[in-house]
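Keep the sequence and the model in view.

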Amino acid sequence: IGEHAFDGATYWLTNSTGKTHNSTSTFALINLTTLREFKAYSLTNFDAPIIKNTTNLTNIDPKAFYGNKVRRIFFNGSDTYDYVNLNDVDYGILTSKDHTKLVAYPGKMPNNGDINGSIKTTVSLPSDFITIGAWAFGGNSNLKTITVKSVTIEEGAFEGSAVQTFN
């Protein structure tokens, strides 16, 4: 799926049911077994991407979620990527399959699991993470404080973000 693939989209047509979903914010990619890659900026304009059963997806460009408006990420069925919930109330973040690398953090993660509530400005990352991937927080204008144990930070991980404190 190419760069800026969904810019200006007003609806998404699923391939499995052919049913039109009238929304500019939510979409689903389900049973796209031939999908191999998301290019830069391809997932930035959606509130809640749901990506399932994409067994052949092996590459998500680090900038695929750059500056995203995403509140949650649901992702399964890939041999390369997965998602985890940070705690009982936070929604999913995109990780490597082994959950040791943060790939993408939702730009509009809601506080206390209230999808319509205020946006989270502080986060504590799980101790499982040993790497924060390139552009993982790229363009995130809401998050101000991150608490995490010792990690490797890839180049560009905070590019264009509003993060002010890193503990």
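Glu-37 is partly exposed, at 27% relative accessible area; here, buried means under 20%, exposed over 50%, and partly exposed in between, with a 1.4 Å probe and protein chains only. The model is predicted: local features need pLDDT of at least 70, side-chain atom pairs count only at pLDDT 80 or more, and totals for chains, interfaces and linings use all residues. Residues are numbered from 1 along each chain as its sequence is written, and side-chain values use heavy atoms, with hydrogens and water left out.

Glu-37 forms a salt bridge with Lys-39. The term requires a side-chain nitrogen of Lys or Arg within 4 Å of a carboxyl oxygen of Asp or Glu. The whole structure holds two salt bridges.

| Salt bridge | N to O distance |
|---|---|
| Lys-39 with Glu-37 | 3.6 Å |
| Lys-101 with Glu-154 | 3.2 Å |

Lys-39 is partly exposed, at 37%. In the other pair, Glu-154 has a relative accessible area of 28%, and Lys-101 has 29%. Glu-154 and Lys-101 link distant parts of the chain, 53 residues apart. Glu-154 sits in the loop between strand S14 (152–153) and S15, Lys-101 in strand S10 (residues 101–104). Strands are DSSP runs of E, at least two residues, numbered from the N terminus.

S15 also belongs to an open sheet of three strands, ordered S11-S13-S15 with parallel pairing. Pairing requires at least two DSSP bridges between two strands. S11 (122–124) and S15 (165–166) are the edge strands, each pairing on one side only. S13 (residues 145–147) pairs with S15 over two bridges, in the parallel sense. Ile-146 has Phe-166 in S15 as its bridge partner.

Key. Helix = DSSP H or I, 4+ residues; strand = E, 2+ residues; numbered from the N terminus.
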